[in-house]
Amino acid sequence: MRIKEMFEDDINRNINGVVKVDEKTDATISQEVKEYVITKELKKHFVTFFNAYSESFDHPTTDIGVWISGFFGSGKSHFLKMLSYILQNKEIDGRPTVDYFKDKFEDDELTFDLIEKLTETKAETILFNIDVESVTSKEDAVIRVFAKMFYNHLGFYGENLKVARLERFIDKKGKTEEFRRVFEEKNGESWLESRDSFDFYEDEVEETLQEVLGMSEKAAENWFNGEETDQISIDRLVEDIREYVDTKPDDFRLLFMADEVGQYVGTDNHKLLNLQSIVEELGSRCQGKVWVVCTGQEAIDQIIKVRNDEF
């Protein structure tokens, strides 16, 4: 027998040297979940997270911010992805994600029972690398990334918040399908294929708004030409998020899972304040139904230690 034949898996298989949150192919997810090793140290972090997460179902809380820190290559992005996979509990190769973790917690049945129970509730996770998804370096960069990812998650065009908010408004009116059908009749191409270049279809967009929403010609023209901008406030975004989770059952949870936040915000006061305000507002308005989980190479107190009076 050759040595390689002693292993259960093919030792010549491709293994990613660095886990990236934006690698989400079925094959990648399957390999990462099946081959994830939970050490004694990692188990402590799983217990800490799921204990806190579990309490939010019994007691409304404003403490919904999670900071995962570790040096480069320590596995924080991998840990973030595993939390995302477990919480969503989608099927992987015909089995729920949580099933693959039973053997990993074979010496701690209580923790696994808690995790398995929590996966019975509905959770949606928005997993992203904040630097990759950033569309600007301005003061409102953090809020714009969160807005982009939230609207994308709902199926709207988060790359342009002006368009995304229009789509959300149309959806709340229950006219999404009608809007898309009428636009395609006028344009010849579907709305989903055309919305990234919507400013090239002024006539079709304005006519569709008039026909579907009953807008006047002047109102449709004003919207198209910039009366409605792509700016967004934390208050506006958090209210949209609250409205969304309020349409779900009481045990529903939405989690923003952002990788490399520590490097992204760095020592930028505006970005740090943006992040702080988002977490505080989501905590106070959603009372534990929405969580923000971030990673960074430095511990959060190290990032803000020179700004104790501000944060």
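**A strand and some loops**

Guide: β4 is mostly covered, in that seven of its seven residues are buried, where buried means under 20% relative accessible area, exposed over 50% and partly exposed in between, with a 1.4 Å probe and protein chains only. Strands (E, at least two residues) and helices (H or I, at least four) are DSSP runs numbered from the N terminus. This is a predicted model, in which local features need pLDDT of at least 70, side-chain atom pairs count only at pLDDT 80 or more, and totals for chains, interfaces and linings use all residues. Residues are numbered from 1 along each chain as its sequence is written, and side-chain values use heavy atoms, with hydrogens and water left out.

Visitor: Which residues of β4 are on one side and which on the other?

Guide: Ala123, Thr125, Leu127 and Asn129 lie on one side, while Glu124, Ile126 and Phe128 lie on the other, and all of them are buried, leaving both faces covered.

Visitor: How many bridges join β4 to β5?

Guide: Seven bridges join β4 to β5, residues 253-259, and the two strands run parallel; strands pair if DSSP finds at least two bridges between them. Within this pairing, Leu127 stands opposite Met257 of β5.

Visitor: What about the loop between α4 and β4, where is Glu120 in all this?

Guide: Glu120 lies in that loop, between α4 (109-118) and β4 (123-129), and Glu120 is exposed because its relative accessible area is 66%.

Visitor: Which residues form the negative surface patch?

Guide: Glu120 forms it together with Glu109, Asp113 and Glu116. Patches are made of residues with over 30% relative accessible area and no salt bridge, like charges being joined within 9 Å and nonpolar side chains (Val, Leu, Ile, Met, Phe, Trp, Tyr) within 5 Å. A salt bridge is a side-chain nitrogen of Lys or Arg within 4 Å of a carboxyl oxygen of Asp or Glu.

Visitor: Changing topic to the backbone, what is phi of Asp93?

Guide: Phi of Asp93 is near 50 degrees, a positive value in a residue other than glycine. Asp93 sits in the loop between β2 (91-92) and β3 (95-96), and Asp93 counts as exposed because its relative accessible area is 54%.

Visitor: And Glu260, is that one buried or exposed?

Guide: Glu260 counts as buried, because its relative accessibility is 16%. Glu260 is located in the loop between β5 and α13 (261-265), and Glu260 has a positive phi of about 60 degrees although it is not a glycine.

How values were computed. Areas by Shrake-Rupley, 256 points an atom, 1.4 Å probe, with all protein chains shown as cover. Lys, Arg positive; Asp, Glu negative; His and termini not counted. Charge placed at Lys NZ, Arg CZ, Asp CG, Glu CD.
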